[in-house]
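Let's take a friendly walk through a protein chain and look at the bonds and charged pairs that link its parts. Have the sequence and the 3D view at hand as you read.

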Amino acid sequence: MVLNRTHVLLLLGILILHGIKVECRLPTFFPGLTPLSRAKVVSITDFGGVGDGKTLNTAAFKKAIAFLSGFSKKGGGQLDIPAGRWLTGSFNLTNHFTLYLDNKAIILGSQNLKDWPLIPPLPSYGRGRDAPGPRYSSLINGYNLTDVVITGENGTINGQGAIWWQKFHQKVLKNTRGYLVELQHSNEIEISNLTFINSPSWNLHPVYSSNIIISYVTILAPLDSPNTDGIDPDSCSHVHIEDCYIVSGDDIIAIKSGWDQYGISYGKPSQHIFIRRLVGISPTSAVIALGSEMSGGIQDVRAEDIHAINSETGIRIKTSPGRGGFVRDIFVNRMTMVNMKWAFTMTGSYGSHPDNKFNPNALPVVERISYSNIVARNVSVAGDLEGIAKAPFKNICIRNVTINLGTWAKSKTLPWNCTYIQGLSNAVSPQPCTLLKKIPAKGPVSCPSPRNFTPHKK
């Protein structure tokens, strides 16, 4: 199934029918980032690029970016991708650089796996996510960069992932699939005003990076495509995600920070992350997920004005003994869910370890989780909250939440299932489990709120 902008228009119709407010906004560029104008602007055609969808342009991309790297200290460089279908293998970006796609420009990922060179696994993972050993590079890569912009006039970056998904399902891949974009150890990143489709695996993966803005991005993948997460901030800080529409075969937003003993050793948390005005569809996964790879810690995550539609879970925290780390200070406010299996899930027995060297006594800390002002319609189970016996999840607060159990909810199924958790609730329907102690309404009652948030730190 090919997903395109027609699906966006159909979704808008669904939202309106369900009474959800829809706003159309003009693109906004945020203060604190380098303006889009650069001292030197060139086109991929200046370096022999051919946009016929057949000619491999990897060499042209590499030559153009190498040329523009000479302007990194002279006002920066911009590579324009005009209308056309630009087939390429993996390439690396440079400092003080803009990749700019015309409205009718499509960057196509090569379907020859040799055009995605193998690279070492991330140190916080210890191995590839799909398989031990090295992993395939991403289509667009960056290492130790400052001031990188990937944007345009809603052009498209198409990973042509079907061949990867087929090989993954056939279990013939010996290495982990690459992503559409991965930027490591980088600062001052903007990704905006583009459509990303058919990634081999995760779509956007900033890792060990900071000061990131992702806005006005559409991400589309077939609903049965494996592990096609939308946006995965991984051991990143000061991340701002807003005004995005994502359809995925896996989690829509998945915040991560390393895997078991490798993530504990690397010790770099994901923190100060702000998500707002997100629309997500994922029938097999969560719209907002924290983990399961969270061994470096996840803290200070705020999400507001989120719309989850036809998805398995609205908000999910997933971890396991052996992960270590922490998930704390998570604040979700003003969220709408329609046609869900679960509204909220917490999983303390996720499993999935990189190898047998993890320490089962490395228990995660999950605390200070606040969900407020949420409406969910046609839901099967309100909440399935499973902590860990030796490390209960604590200080959970759920307030002003109304969940309508739909016709597909089984009559003998409890609306809430809770084990090894501790918290409070107020004005929640259906009535939560007894482990979420009800707060009597005596005047204004609220869950803890985050402190003032500055998404972009100089």
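What follows takes the cysteines, then the salt bridges.

Please keep in mind that this is a predicted model. A search of the whole structure turns up two disulfides. Start with Cys397 and Cys447, which are joined by a disulfide with an S to S distance of 2.1 Å. Cys397 sits in strand E24 (residues 393-405), while Cys447 belongs to the segment after strand E27 (436-438); the pair links distant parts of the chain, 50 residues apart. The torsion about their S-S bond is about -85°, so this disulfide is left-handed. If you look for these two cysteines in the view, note that both Cys397 and Cys447 are buried.

Now move to the other disulfide, between Cys418 and Cys433, where the S to S distance is 1.9 Å. Cys418 lies in strand E25 (residues 416-419) and Cys433 in the loop between strand E26 (421-429) and E27, so this bond ties together parts that are 15 residues apart in sequence. Here the S-S torsion is about -80°, so the disulfide of Cys418 and Cys433 is left-handed. Cys418 and Cys433 are buried as well. Counting bonded cysteines along the chain, the disulfides follow the pattern 1-4, 2-3.

Two further cysteines deserve a glance. Cys236 has 0% relative accessibility and therefore counts as buried. Cys244, at 3% relative accessibility, also counts as buried, because the cut-off is under 20%.

Let's turn to charge. Side chains of opposite charge can pair when their charged atoms come close. The structure holds 15 salt bridges. In one of them, the side chains of Arg38 and Asp147 meet at 2.7 Å, N to O. This pair links distant parts of the chain, 109 residues apart: Arg38 is in the loop between helix H1 (5-17) and strand E1 (40-43), and Asp147 is in strand E11 (residues 146-152). Both Arg38 and Asp147 are buried.

Another salt bridge brings together the side chains of Asp260 and Arg323, at 2.7 Å, N to O. Asp260 is in helix H4 (residues 260-266) and Arg323 in the loop between strand E21 (298-318) and strand E22 (326-347), so to speak distant parts of the chain, 63 residues apart. Asp260 counts as buried at 0% relative accessibility, and Arg323 counts as buried at 0% too.

Finally, Arg302 forms a salt bridge with Asp300, with their closest N and O atoms 2.2 Å apart. Arg302 and Asp300 are both buried. Elsewhere, salt bridges that share partners join Glu242, Asp243, Arg276 and Arg277 into one network.

Definitions and conventions:
Residues numbered from 1 in each chain as written. Predicted model: local features only at pLDDT ≥ 70, side-chain atom pairs only at ≥ 80, totals over all residues. Heavy atoms only, no water. Disulfide = S-S within 2.5 Å. Helix = DSSP H or I, 4+ residues; strand = E, 2+ residues; numbered from the N terminus. Buried < 20%, exposed > 50% of the residue type's maximum accessible area, 1.4 Å probe, protein only. Salt bridge = Lys/Arg side-chain N within 4 Å of Asp/Glu carboxyl O.
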